[in-house]
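This report describes one protein structure for a reader who is new to the subject. Please keep the sequence and the structure in view while reading.

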Amino acid sequence: MLHIESPYGIYQVIDWVAQAQLCHILGPEKFLIFRELNIRTIFDLERAISSKYSVKAFDEICAGVLLASTSSLRDTVRISATKPITSDTDRTEAVDADAYCIWARKRMQRDDDSKSTEHVLRWIADDLHVRRLRRLWLDISESLGLQAEALPDGVNPDDIIPPPVIPVP
């Protein structure tokens, strides 16, 4: 509707919505950190974590942002007067928001950190609104053809058919 009722093109509108989805899901604080890492949209985050070329170090960086304590989380814990509970083999305790985020991050590192990060991303990206926008984006992308492709994982740039050269008279 935004595209139809405004002077903005479909690509710009999709980009704005994908940015808004990332901001809505993660909150403004984490969204701004990811922007500094050149992750602007929900699709950028998917590619950054789920790409078969993604390196473990970058998954760890993303996990650090995804599990970072924010002022919003701290305020929620303070206002609700509820503390999250951590559990290790030797003790279980209620902790503040910062301690909980640190515990959760360490807990992910005990397992395969990349798999844990990908799991978090899967439930973020499974949002119905994200799925609908992704479908629209994929439909548009497929309609543009192979020559407009952004080199998805596994595509060798040499395998892409170059556009025909039109001689200039």
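**Basis of the description**

A residue is called buried if its relative accessible area is under 20%, exposed if it is over 50%, and partly exposed in between, using a 1.4 Å probe and protein chains only. The model is predicted, so local features need a pLDDT of at least 70 and side-chain atom pairs count only at pLDDT 80 or more, while totals for chains, interfaces and linings use all residues. Residues are numbered from 1 along each chain as its sequence is written, and side-chain values use heavy atoms, with hydrogens and water left out.

**Overall organisation**

Helices (H or I, at least four residues) and strands (E, at least two) are DSSP runs, numbered from the N terminus. The protein has eight helices and two strands. Along the sequence they follow the pattern α-α-α-α-α-β-β-α-α-α.

Of the 169 residues in the protein, 30% are buried. A contact means that heavy atoms lie within 4.5 Å. Among the contacts in the protein with a separation of 6 or more, 52% join residues 24 or more positions apart.

The expected span of a helix is 1.5 Å times one less than its number of residues. For the 17 residues of α1 this should give 24 Å, and the end C-alpha atoms are 24 Å apart, which agrees. Buried residues of α1 include V13, I14, A18, L22 and L26. Just after α1, G27 takes a positive phi of about 90°.

Helix α6 covers residues 97-110 and has 14 residues; from first to last C-alpha it reaches 20 Å, close to the 20 Å expected. Its buried residues are A97, C101, W103, A104, R105 and M108. The N-terminal end of α6 is capped by D96, which has a side-chain oxygen 3.3 Å from the backbone nitrogen of D98. This is a polar contact, a pair of N or O atoms within 3.5 Å; within protein, one must be able to donate a hydrogen and the other to accept it, and residues adjacent in sequence count only if both atoms are side-chain atoms.

**The nonpolar core**

In soluble globular proteins, nonpolar side chains tend to be buried together. A nonpolar core is a set of buried Ala, Val, Leu, Ile, Met, Phe, Trp, Tyr and Cys residues joined through side-chain atoms within 4.5 Å. The largest one here has 21 residues, of which L22, L26, F34, I39, I42, L45 and L66 touch the most other members. Two or more residues each come from α1 (10-26), α2 (28-36), α3 (42-50), α4, α7 (113-125) and α8 (128-144). The largest share, five residues, is given by α3.

Which residues does L45 contact, leaving aside its neighbours within four places in sequence? They are L22, L26, F34, I39, L66 and L121.

**Aromatic pairs**

Rings of Phe, Tyr and Trp (its six-membered ring) pair if their centres lie within 6.5 Å; planes under 30 degrees apart count as stacked, over 60 as edge-to-face and the rest as tilted. The whole structure holds three such pairs. In one of them, the ring centres of Y11 and W137 are 6.3 Å apart and the planes stand at 85°, so the pair is edge-to-face. Because Y11 lies in helix α1 and W137 in helix α8, the pair ties together parts that are 126 residues apart in sequence. Y11 is partly exposed at 41% relative accessibility, and W137 is partly exposed at 33%.

Y100 and W103 form a tilted pair, with 5.5 Å from centre to centre and 35° between the planes. These two residues are three apart in helix α6, so about one helical turn separates them. Y100 is partly exposed, with a relative accessible area of 29%.

**Loops and cysteines**

T70 lies in the loop between α4 (56-66) and α5 (71-80), and is buried at 11% relative accessible area. Its side chain reaches the backbone nitrogen of L73 at 3.1 Å. N38, in the loop between α2 and α3, has a positive phi near 65° although it is a residue other than glycine. N38 is exposed because its relative accessible area is 64%.

A disulfide is a pair of cysteine sulfur atoms within 2.5 Å; by this rule the count is zero. C23 is partly exposed at 24% relative accessibility, whereas C62 is buried at 0%.
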